[in-house]
Every structure is written in structure tokens, then in C-alpha cells.
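Hi,

Here is the structure I promised to pass on.

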Amino acid sequence: MSTLTVAVGLASQAVAVAAVSAALVRRLTARPGPDVPATPDGAAAAPASVRVDQPDAPAAGGAAPTTAPPLTPRRRLMTALPLVLGLLSLVPFAGTSLAAALRGLWSDLSFTTLQLCLLAWWGSPALRLAPGARLGLLGAVALAGAALYPTALGAGSLDLYRFGYQPWWLLAALAAAGLAAYRRAPLLAALLAVDMAAYALRLADSDNLWDYLLDVPLFLYALIALTLHLARRDRLQPADAGAATAQPGTE
């Protein structure tokens, strides 16, 4: 275990703390407004005063084609406070730090999680996965985790985790997926490229490619996010059907 891998492991925990703090700060400082209709993906549409207009199809496919919001005092708070909390998680207290405790709890986070936490902390609409790319990533993480972790714990005779030590076929599949996603989802392709670069440089305390791609917290997050997405979609379908029935027919 080198000093670099330890530093990267602690930094990833600090970034995760900053990302969770940023989400809480945004929720607590959200300005109340009138009820607004929901968008097709289940999220509430922003009021006209704060909505960022987007074309029907993303310009580059992978990230929402929006401009960065102005650096207002509120946005400075939303950016600086999570950063301070993330840095404080590295400060030892009573013999250990919060980042070290989290690292001992669930080991190092994957570079996929690290990148998503960085994007969540910064919170810029210009660096946000489009809904289709986000659902695709969450679905891939959920499927991979559902297949990987049970076999790693001894379920069945095939251990998929060990294939991560000689991952030539997995690297080829990731490279093909990145090339396929580059035109329509460049941000997603960049995430995959950073994962593979980190594995090539052995920046984590592991020689297994799976540890660079996903981890248990990311797997659980993907399951919860997909479940909530399906629940929102099912809840919106009756309302959409009722609205369509209420509209007068055309000859």
C-alpha cells in the first residue's frame, strides 16, 4: 500500500462527504416556489424564473446543454460549505478522521463514484449527465453489481470478481462502450476513460479492475435511484392518462 494510494483513498472519501453535504445544502437552501408540473423523467420542472431552457435533444448527448449559472452568493455558499466539510473530514479527531473511518467501513470508493461525487459537488448544469445517459449508467451499475457481488461472496461456482485481475475482455468491452457513447454521451465516455486510466496507473490500492469501476455504496445508490425513478414514472402515468382523457377530441 503506497502513500499515493492511501492519499487517493482518503481523498475519495472526502469528496463523497463534500458531495453529500452539497446535496443537503441545496435541499435546505432551496427557495420555495409555486407548484410546477413534473417533467417526463419524473423530476419537477423549474419555475420560469430559474428554468434553463434546453432543446429537445442534447447538443452533445451526454451532458445537459446548459450554460453555467452566475456565481451568486447563494451558489458560493453551496460550493464552499461542502468543500470545507470535505476538508474537515480529513482532519484527525480522537486518533482518526471521518475520511479514514469511512475508508475502514467500506474500503476505497471506485473512480466512477469519485467522479460522480465531484460532479455532484460542483453542481454545474453544464456538467450533468443527460437523463438517458444517467439511467444507462445506473442500470449498468445495478446489473454489474447484481452479478458481481453475489458470486464474489460464494454464490454459484463462477466468481466474476477474479476476472478483474486479467481484465482484457472487460477493458475491450469498456473501450467499445466508450467509443459508442462518445458522440451521444461524451461525459459518460469521459467517465469510462478516467476509470481505465486510473486502472492503468494503479491509482487505487487494488489490481482488480472491478474496484475501479464500482463499489457497494454506488451499487446501493443505483438500486435506490432506479427504484425511485420507476415509482415516479408509475405515479405519473395515471395523471398523464387522465389529462389526455380530459382534452377535447379533434375531428
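Reading along the sequence, the protein chain runs α-α-α-α-α-α-α-α-α. That comes to nine helices and zero strands; both are DSSP runs numbered from the N terminus, with helices being H or I of at least four residues and strands E of at least two.

A quick word on the ground rules. This is a predicted model, so local features need pLDDT of at least 70 and side-chain atom pairs count only at pLDDT 80 or more, while totals for chains, interfaces and linings use all residues. Residues are numbered from 1 along each chain as its sequence is written, and side-chain values use heavy atoms, with hydrogens and water left out.

The overall picture

Of the 251 residues in the protein chain, 34% are buried (under 20% relative accessible area; exposed is over 50% and partly exposed is in between, with a 1.4 Å probe and protein chains only). The chain exposes about 15,200 Å², and carbon and sulfur atoms supply 68% of that (Shrake-Rupley method, 1.4 Å probe; for residues, only the protein chains shown count as cover). Among contacts (heavy atoms within 4.5 Å) with a separation of 6 or more, 78% are between residues 24 or more positions apart.

Helix 6

Helix 6 covers residues 168–182, and its 15 residues reach 21 Å from first C-alpha to last, close to the 21 Å expected at 1.5 Å a residue (1.5 Å times one less than the number of residues). Which of its residues are buried? They are Leu170, Leu171, Leu174, Gly178 and Ala181. Seen down the axis of helix 6, these fall within an arc of 100°, so they line one face (the arc is taken from the directions from the helix axis to the C-beta atoms). Helix 7 and helix 8 are among what covers them. On the other side of helix 6, Trp168, Leu179 and Ala180 are exposed.

Most residues other than glycine have a negative phi. Ser107 is not a glycine, yet has a positive phi of about 65°; this serine sits in the loop between helix 3 (98–106) and helix 4 (111–122). Arg202, also not a glycine, has a positive phi of about 55° and lies in the loop between helix 7 (186–201) and helix 8 (210–213). Ser107 counts as partly exposed because its relative accessibility is 47%, and Arg202 does so at 34%.

Cheers
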